Amino acid sequence: MPVPLSDDLLAGFTSPVPYTVEAVAEAPRAPGVHMVLDGGTVIYVGRTGNLRNRLRQHLTGNRESSVLHEQVGHLLDKQGPIASAQDIADWLGLREVRWQETDNPEGTKEALVLALKPRFNRQVPKPR
């Protein structure tokens, strides 16, 4: 059962926007944390030193450039032939993304992954 998003976890994040190249062009070139949502459920949390570049990389890269890209590819591979980079970008384009600028992207991501356990994050950090 998905964990509902609390207002505390979302404080400082943008409103959800479609995960498209056009939408991520509005993201800042600053360090931060991003989350990908599917039907309101967080399916991936990532951190980066440049939100705009990383969000674009998830959409336009390949499986070696992004854990998210790789994980979505594996999901789509189970449904038919090997998914192309465009298949993965199209699937992501039907999801939403949110982001938050922060000077502590690692700590913010860790807290979100521990609380939400997103399906496409490979490793869940151990509670301290």
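Me: What kind of model is it, and how are residues numbered?

Reply: It's a predicted model, where local features need pLDDT of at least 70, side-chain atom pairs count only at pLDDT 80 or more, and totals for chains, interfaces and linings use all residues. Numbering starts from 1 along each chain as its sequence is written, and side-chain values use heavy atoms, with hydrogens and water left out.

Me: What's the strand order in the sheet?

Reply: S1-S4-S2-S3, an open sheet of four strands with antiparallel pairing. Strands here are DSSP runs of E, at least two residues, and helices are runs of H or I, at least four, numbered from the N terminus. Two strands pair if DSSP finds at least two bridges between them.

Me: Which strands stand at the edges?

Reply: S1 (17-18) and S3 do; each has a single partner strand, so one side of each has no neighbour in the sheet.

Me: How many bridges join S2 and S3?

Reply: Seven, in the antiparallel sense. Leu37 has Val42 in S3 as its bridge partner.

Me: And which helices pack on that sheet?

Reply: H3 touches S2, S3 and S4, and its direction makes about 35 degrees with that of S2. Helix H6 (residues 105-116) also lies across S2, S3 and S4, running at about 160 degrees to S3. Contact means heavy atoms within 4.5 Å; axes are lines fitted to C-alpha atoms, for helices over the stretch in contact, with angles from 0 to 180 degrees between N-to-C directions.

Me: New topic: which residues touch the most others in the largest nonpolar core?

Reply: Tyr19, Leu68, Val72, Trp91, Leu92 and Phe120, out of 20 residues. H4 gives the largest share, four residues. A nonpolar core is a set of buried Ala, Val, Leu, Ile, Met, Phe, Trp, Tyr and Cys residues joined through side-chain atoms within 4.5 Å. Buried means under 20% relative accessible area, exposed over 50%, partly exposed in between (1.4 Å probe, protein chains only).

Me: What does Val72 touch?

Reply: Ile88, Trp91, Leu92 and Phe120, leaving out residues up to four places away in sequence. Apart from that core lies another, of ten residues, including Leu10 and Leu112.

Me: How do the rings of Trp91 and Phe120 sit?

Reply: Their centres are 6.0 Å apart and their planes at 80 degrees, so the pair is edge-to-face. Rings of Phe, Tyr and Trp (its six-membered ring) pair if their centres lie within 6.5 Å; planes under 30 degrees apart count as stacked, over 60 as edge-to-face and the rest as tilted. The structure holds one aromatic pair, and both Trp91 and Phe120 are buried.

Me: Is His34 buried or exposed?

Reply: Buried, with a relative accessible area of 0%. His34 is in strand S2 (residues 32-38), and its side chain makes a polar contact of 3.1 Å with that of His58. A polar contact is a pair of N or O atoms within 3.5 Å; within protein, one must be able to donate a hydrogen and the other to accept it, and residues adjacent in sequence count only if both atoms are side-chain atoms.

Me: Where does Arg95 lie?

Reply: In the loop between H5 and S4. Arg95 counts as buried at 12% relative accessibility, and its side chain reaches the backbone oxygen of Trp91 at 2.7 Å.
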